[in-house]
Amino acid sequence: MAIPVIDFSQLSGEERVKTMAQIANGCEEWGFFQLVNHGIPEELLERVKRVCNEFYKLEREENFNKSTPMKLLNESNGEKVENVDWEDAINLHDDNEWPNNTPGFKETMVEYRAEVKKLAEKVMEVMDENLGLPKGYIKSAFNSGNNENSKAYFGTKVSHYPPCPQPELVNGLRAHTDAGGVILLFQDDAVRGLQILKGGDWVDVQPLPNAIVINTGDQIEVLSNGKYKSVWHRVLAIPDGNRRSIASFYNPSLAATIAPAPQLVEQAGSYPKFVFGDYMSVYAEQKFLPKEPRFQAVKIM
């Protein structure tokens, strides 16, 4: 069983109908799929790999060796380490300070984020069309107004999962669904680790050079009235290899009101209507717990 791999360039070719159907299947049956020929220049992707690897070595590795996960693992006495992830991560978005000690890191990541944001909006337009919604429906739903605080959020998490001496005792990243909208992942093309839950089994998201992995978050599940599901996924700790992972999140504004699209509601009350910021407050406490109670919690708020 393998995650669907889709040639995104075929959307503008003779295979458009087939490609649209493949993306619909990826959203409905998997919640994850991989895009190749997605339009982000390979030269840029190679630079992203290089600067992110250099950034970890120069600015993060030494501190990770003194980090809480390392400390807890060293003190575990062979017992499973709970409530911690074997992950080093930083978040990049327009309003925070970025690392500047790694040559080329900021310039490269600014360029990459612009490209991946454009790809996210194209993917959302495909989802609109496949769901029978007006073009731009999802993007509009994620924006609650015209001022800066009302715009959809676009953030990027740069993670590394260093080699783990006892991978059976700790999670790389605990199983969860993503809270937001559309997630675009540029994962390591050599070091495995990412898995999704499919039919009760954990399935590897196979590394593919310069592919972009797409997955749908909880808000796409709500907007689609459950036609597209957010999917449980996790990252394994790996004994050899430093896994690089760059995840970009196209999420609603915290002020956006999220509800099933009226065109998709055959019966009322399938999913509640709520403000995304309220959902995020619940998610912060319940990220690694079942998602259904989160929906019910914001319904009550």
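How many disulfides does a search of the whole structure find? The search finds zero disulfides, a disulfide being a pair of cysteine sulfur atoms within 2.5 Å. The model is predicted: local features need pLDDT of at least 70, side-chain atom pairs count only at pLDDT 80 or more, and totals for chains, interfaces and linings use all residues. Residues are numbered from 1 along each chain as its sequence is written, and side-chain values use heavy atoms, with hydrogens and water left out.

**View A. Cys52 and Cys164.** Cys52 is buried, with a relative accessible area of 0%. Cys164 counts as buried at 1% relative accessibility. Buried means under 20% relative accessible area, exposed over 50% and partly exposed in between (1.4 Å probe, protein chains only).

View B. Glu221 is found in helix α6, residues 218-223; helices (H or I, at least four residues) and strands (E, at least two) are DSSP runs numbered from the N terminus. With a relative accessible area of 3%, Glu221 is buried. Its side chain makes a polar contact of 2.6 Å with that of Lys291. A polar contact is a pair of N or O atoms within 3.5 Å; within protein, one must be able to donate a hydrogen and the other to accept it, and residues adjacent in sequence count only if both atoms are side-chain atoms. Leaving out residues up to four places away in sequence, Glu221 touches Gly226, Tyr228, Lys229, Ser230, Tyr271, Lys291 and Phe295 (contact: heavy atoms within 4.5 Å).

**View C. Phe154 and Tyr250.** Rings of Phe, Tyr and Trp (its six-membered ring) pair if their centres lie within 6.5 Å; planes under 30 degrees apart count as stacked, over 60 as edge-to-face and the rest as tilted. The count comes to nine aromatic pairs by this rule. Phe154 and Tyr250 form an edge-to-face pair, 6.0 Å centre to centre with 65° between the planes. Phe154 in strand β4 (residues 153-161) and Tyr250 in strand β11 (residues 243-251) are 96 residues apart. Both Phe154 and Tyr250 are buried.

**View D. Tyr271 and Phe295.** The ring centres of Tyr271 and Phe295 are 5.5 Å apart and the planes are at 85°, so the pair is edge-to-face. Tyr271 lies in the loop between β12 (257-258) and β13 (274-275), and Phe295 lies in helix α8 (residues 292-300), so the pair ties together parts 24 residues apart in sequence. Both Tyr271 and Phe295 are buried.
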